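Welcome! Here is a short briefing to read alongside the structure, grouped by topic.

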Amino acid sequence: MARLTTMAFHGENMVPPAIELLKRAEADPTDSAALLDLATIHFLLGHEEAGQAYQERALARDQVYRDPFDGDAEPEISLLAFAAPGNLMSNVPIQFLLEGSGIRLDTLYVVPGMDLPERVPGHDMAMVIVGESEPNREILERIAAFADLWPCQPVLNDPRKVLQLSRDGVSTLLAGAKGVRIPATTRVDPETLTRLGRGEVALADLLPDGSFPVIARPLDSHAGKGLAKLDDPSTIALYLAAQPAEGYYLSSFVDYRGADGLFRKYRIAMIDGKPFVCHMAVSSHWMIHYLNADMRESAEKRAEEAQAFATFDRDFAARHAGAFAAMAERIGLDYFAMDCAETPDGQLLVFEADTAMIVHAMDPPDIFPYKAPQMRRIFKAFQDMLRRIKQAKSA
């Protein structure tokens, strides 16, 4: 997954590897690994139906897959990851976090309607890499039912705690946490949102601190898909017509622009309770995503991000130490990530917390020379956490 994702990220032609994998699958119908890699390529290209079809064929044959291992004959650590079927946003992209390590990864897909395999590879520890989403809730609940009984302990990232990471769940979980500002968030169905637009429902009945403008997005949407700021009730009908969905998240809008009028959003990984900055995007628009913030095109923005990396531990992380500690305690996971910002009055503004956010080292080093050292630091922190856990088991 990591190698194919890197190829796609850099705009490489994905047709040759897809053809080679297809030939492998046709020559050997038992080659489920070729089918799974074909699924990955299709997901990367946005071909959701084809990716799902290849993945279903692969998982019908095998549920356990071993990633290529470049270490010694005997791995330093053997890790078993419990994963969910689905596209590349369904699970923690753990292959990136294990980059350059002597850690062997076996992934066990927990498939609805299928029993777990009778045998799995030996492992030192297991980890739940399933991300929170509506399709994944059944899988997380199933893992929760056997996690405490799993013969090889510990099982990292308690699935019961992952289940709390829906957008409204995080809002409830972090409400009142010291130093944290998190917008009130609620789920609404299309009918309720329509009635809000007509003035038949009061916003205060849906959001305790509700006042326009508000943010709306379809359930399980990511990367800004379907995300909109609704300035008043009259905009809701047009939004619903443009973004039909079974349900929506509605949350308060917080204006977090800095004194210079620009918005800054951070992605931060929390590893064993400690924050690590992954990226910082700067934009004139409130809806920031790293790929639409023109970071590649702006040397000035990259210089600011490089400075944020260099000073993070003694500056941003120090200012928000209490907020990060409160989040680590309330969320209670060994690993998760967040998208956040800083309010003008100095609070940590949390947009989202989840386990499946991508944390990677794919950015070109000639444009982002400061990225690779920071990402190696993050990967090492994750790997060191696993080493500490193994040592504690052996003590």
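Buried means under 20% relative accessible area, exposed means over 50%, and partly exposed lies in between (1.4 Å probe, protein chains only). This is a predicted model, in which local features need pLDDT of at least 70 and side-chain atom pairs count only at pLDDT 80 or more, while totals for chains, interfaces and linings use all residues. Residues are numbered from 1 along each chain as its sequence is written, and side-chain values use heavy atoms, with hydrogens and water left out.

- Helices (H or I, at least four residues) and strands (E, at least two) are DSSP runs, numbered from the N terminus.
- Strand S11 covers residues 263-271, and nine of its nine residues are buried, so the strand is largely enclosed by the rest of the structure.
- Phe263, Lys265, Arg267, Ala269 and Ile271 point one way from S11, whereas Arg264, Tyr266, Ile268 and Met270 point the other way.
- In a regular strand, side chains alternate between the two faces of the sheet.
- Two strands pair if DSSP finds at least two bridges between them; S11 pairs with strand S12 (residues 274-283) in the antiparallel sense over nine bridges.
- Arg264 has Val282 as its bridge partner in S12.
- The hairpin of S11 and S12 has two residues between the strands, and Asp272 takes a positive phi near 55° there.
- S11 also runs antiparallel to strand S13 (residues 335-342), joined by six bridges, and Tyr266 stands opposite Cys340 in S13.

**Salt bridges**

- A salt bridge is a side-chain nitrogen of Lys or Arg within 4 Å of a carboxyl oxygen of Asp or Glu, and by this rule the count comes to 25.
- Asp313 and Arg377 meet in a salt bridge at 2.6 Å, N to O. This pair links distant parts of the chain, 64 residues apart: Asp313 is in the loop between helix H12 (299-311) and helix H13 (316-319), and Arg377 is in helix H15.
- Arg377 is partly exposed at 32% relative accessible area, and Asp313 is partly exposed at 40%.
- Asp384 and Lys380 form a salt bridge at 2.7 Å, N to O; they are four residues apart in helix H15, which means about one helical turn separates them.
- Glu76, Lys380, Asp384 and Arg387 are linked in a network of salt bridges.

**A buried loop residue**

- Thr355 sits in the loop between strand S14 (348-354) and helix H15 (371-394), and is buried at 0% relative accessible area.
- Contact means heavy atoms within 4.5 Å; not counting residues up to four places away in sequence, Thr355 touches several residues, including Val92, Asn157 and Tyr335.
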